[in-house]
Amino acid sequence: MPTIPIQSISDPRVAEYVGVRESELRKDRFDAPGGLFIAEGELVVRRLFASSYATRSVLTTPMRLNSIRDVVDALPQDTPVFVVDQQTMNGIVGFNIHRGLLAIGVRGHEPPIDRVLAAASILVVLENLVNHDNLGAIFRNTAALAGPSAAILLSPRCADPLYRKSIRVSVGHALAVPFARLGPWPEAVDRLRQAGFLLLALTPDPGAEDIVAVSQELMVQPGQHRLALLLGGEGPGLTTEAQTYSDRRVRIDMPGRDRETNTGVDSLNVATAASIALHRLHPPSGGTLQAAVGPML
């Protein structure tokens, strides 16, 4: 793969990399449907190259290029690979990027909901999750604990899984776990039931069913149900409106909470709660979901 040396931060060939800090993202460049996204660091960039997303270009230092040469050489020959020294890279992106490697991916269009539902055996359904760290962690946890049989659905107000920070926290798994927006919210949740999913709403409400008992019940007839786990945003949790569309309400028991005095820990971080629920409830994984429902480029 031939490389392109860049010596100036004002070189127009790397204009798309200018100012990629979170506070400086330009909506018309990165947030528009079918637009672009940034992958940062070797692990994430390798996962981009291996994903169904197209790679538009690569920006790297010579040292980092040597460590990824094996996958760079497998890119299409017309993919620009820009090589810069560390100081020039810092000037282009606007901060000290010690990882020395960025790539721009083409987000394409999200697959139709029906296509996602047909391929998945378990769904993680997120309502109004706006924290990019939590969102990225949920994608990583879902990939680890549910494998290729899982997909993630997002309410319209959820953050962007392909935001640079979300991808980085997910260690690139946001590029592997299929996702789509679900709306109108929450009425569209009923589409999941119509598709044959059992809807389990995660809530700290002491009146909900204990997740241990629910998991034991589901294990009696494994594979009978495709599951959809509903989780709410940071702070407020799953809204009452969303819970009304669920089949059952499930809680993770927390001994650190004293219900009589209403003191102690009253809830878990949403990414932690998703991990526990997936570990307890997900059915045996199977199939190759990524190949079935990758982005539509």
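**A chat about the core, a strand and some rings**

Modeller: Happy to! In the largest nonpolar core, which has 55 residues, those that touch the most other members are Leu126, Ile138, Ile152, Leu200, Leu229, Leu231 and Leu281. A nonpolar core here is a set of buried Ala, Val, Leu, Ile, Met, Phe, Trp, Tyr and Cys residues joined through side-chain atoms within 4.5 Å. Buried means under 20% relative accessible area, exposed over 50%, and partly exposed in between, with a 1.4 Å probe and protein chains only.

Colleague: Which helix gives the most to this core?

Modeller: That is helix 11 (residues 270-281), with seven residues. Helices (H or I, at least four residues) and strands (E, at least two) are DSSP runs, numbered from the N terminus. A second, separate core has 21 residues, including Leu153 and Phe197.

Colleague: Before I go on, where do the numbers come from?

Modeller: This is a predicted model, where local features need pLDDT of at least 70 and side-chain atom pairs count only at pLDDT 80 or more, while totals for chains, interfaces and linings use all residues. Residues are numbered from 1 along each chain as its sequence is written, and side-chain values use heavy atoms, with hydrogens and water left out.

Colleague: Thanks! Now strand 9: how many of its residues are buried?

Modeller: Six of the six residues in strand 9 (residues 197-202) are buried. Phe197, Leu199 and Ala201 point one way, and Leu198, Leu200 and Leu202 the other way.

Colleague: And which strands does strand 9 pair with?

Modeller: Strand 9 pairs in the parallel sense with strand 11 (residues 226-231) over five bridges, and also in the parallel sense with strand 12 (residues 248-251) over three bridges. Two strands pair if DSSP finds at least two bridges between them. Ala201 has Leu230 of strand 11 as its bridge partner, while Leu200 stands opposite Arg248 in strand 12.

Colleague: Switching topic, how many aromatic pairs are there?

Modeller: The structure has two aromatic pairs. Phe37 and Tyr53 make an edge-to-face pair, 5.4 Å centre to centre with 85° between the planes. Rings of Phe, Tyr and Trp (its six-membered ring) pair if their centres lie within 6.5 Å; planes under 30 degrees apart count as stacked, over 60 as edge-to-face and the rest as tilted.

Colleague: And what about Phe139 and Phe179?

Modeller: Phe139 and Phe179 are also edge-to-face, at 5.8 Å centre to centre and 85° between the planes. Phe139 lies in helix 6 (residues 132-146) and Phe179 in strand 8 (residues 179-181), so this pair ties together parts 40 residues apart in sequence. Both Phe139 and Phe179 are buried.
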